[in-house]
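Open the model in your viewer and keep the selection panel to hand. The stops below say what to select and what is there.

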Amino acid sequence: MGRVTRTAPGPQPDPHSLRPRLPSPVLELTDGPFARRGVRLLLKRDDLIHPDLPGNKWRKLEPNLRAAAAAGDRTLLTFGGAYSNHLRATAAAGRLLGFRTIGVVRGDELAGRPLNPSLARCAADGMRLYFLDRARYRRAADPDVRAALHDRFGAFRLIPEGGSNSLAAQGCTELGRELRGVADTVAVACGTGGTLAGLAAGLGPRQRALGFPVLKGGRPHFLGRAVGELQTAAFGGPRGDWRLDDRFHCGGYARRTPELDAFADAFEDRHGLPLERSYVAKLLYGLTTLAGEGAFAPGSAVAAVITGRP
Ligand SMILES: *Cc1c(COP(=O)(O)O)cnc(C)c1O
């Protein structure tokens, strides 16, 4: 395949050698719409966990990397769109820990084109990129597509799109545990829903989790079902008190509206905190709208999970 392959396994790569900053810090903000209602706003700074594997990407990948190392798997194959934070984090983990990484990218129309900055970063970290047409990408779990990938790449450990499998959901329970007793409502932006599935399972009895999908469902119950299935796979059944609010995707993944941009610019100005725009800005926009609607009781505390950085 024209690549250097490892001939003898080295020492087992240990994700904790990367020194994650855990538990991640919690920062309280005074922000008008919350303060006016007597609601405390806390930011759970998961974006500070690790510079190359920020936020939920650390929490979801760490147990997968540990399992791969324990099984002696040295090649990771995973899936993502052309701007996937998960592909970038996996590529970085491969570089830092000595895994070979293969990124299957949605859309073969991108194959002949120059790499965008996100994919260029993956390639610079040593990830081998493979562009798959959208029809087969959607069927990535089917045996024939799987077999074709094995024919092409040999043995690999497969991590699903967004990194969301049962190990990932289990890894995210720690996020919930770190927030026990800290807030009444904990909110997170959702792509695949793996983070919400684990977060809700880790929270304490009187806390609730709130997810803001950033993808336009079209199928309203699709993400809710995915979260439920992940909880069943990871924990044997439903866990915790969680729900989704589907009003703040702003047109879909990586889409934005003038209202969202105005909100995010003003929030950044008020607090000097740059916001990641695909997920985190939509989360805070949604929470701020809910606060204005009186959705949170006076005297209660809301924690927003800052899952990434710009
Ligand atoms: C991947 C990602 C998410 C979504 O996590 P899921 O577990 O897929 O729902 C949220 N925020 C950021 C910054 C991300 O990179």
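Select Ser84 first. Ser84 is buried, because 24 other C-beta atoms lie within 10 Å (buried means 20 or more other C-beta atoms within 10 Å of the residue's own, exposed 12 or fewer, partly exposed in between, with C-beta atoms placed from the backbone). The model is a predicted one: local features need pLDDT of at least 70, side-chain atom pairs count only at pLDDT 80 or more, and totals for chains, interfaces and linings use all residues. Residues are numbered from 1 along each chain as its sequence is written.

Ser84 sits in the loop between β3 (75–80) and α3; helices (H or I, at least four residues) and strands (E, at least two) are DSSP runs, numbered from the N terminus. The unreviewed UniProt entry places the feature "active site" at Ser84, and such annotations may be inferred rather than shown by experiment.

Next, select the ligand and its surroundings. Of the 19 residues around the ligand, the nearest are Asn85, Gly191, Tyr279, Thr307 and Gly308 (a residue counts as near if its C-beta atom, placed from the backbone, lies within 6 Å). Two or more shell residues come from each of α2 (55–71), α3 (85–97), β7 (185–190) and α8 (194–202). The most come from α2, which gives three.

Finally, select helix α7 (residues 166–178) and helix α9 (residues 222–235), whose axes come within 8 Å and cross at roughly 85°. Axes are lines fitted to C-alpha atoms over the stretch in contact, and angles run from 0 to 180 degrees between N-to-C directions. The helices α7 and α9 are therefore roughly perpendicular (65 to 115 degrees).

Terms used. Angles under 35 degrees count as roughly parallel, over 145 as roughly antiparallel, 65 to 115 as roughly perpendicular and the rest as oblique.
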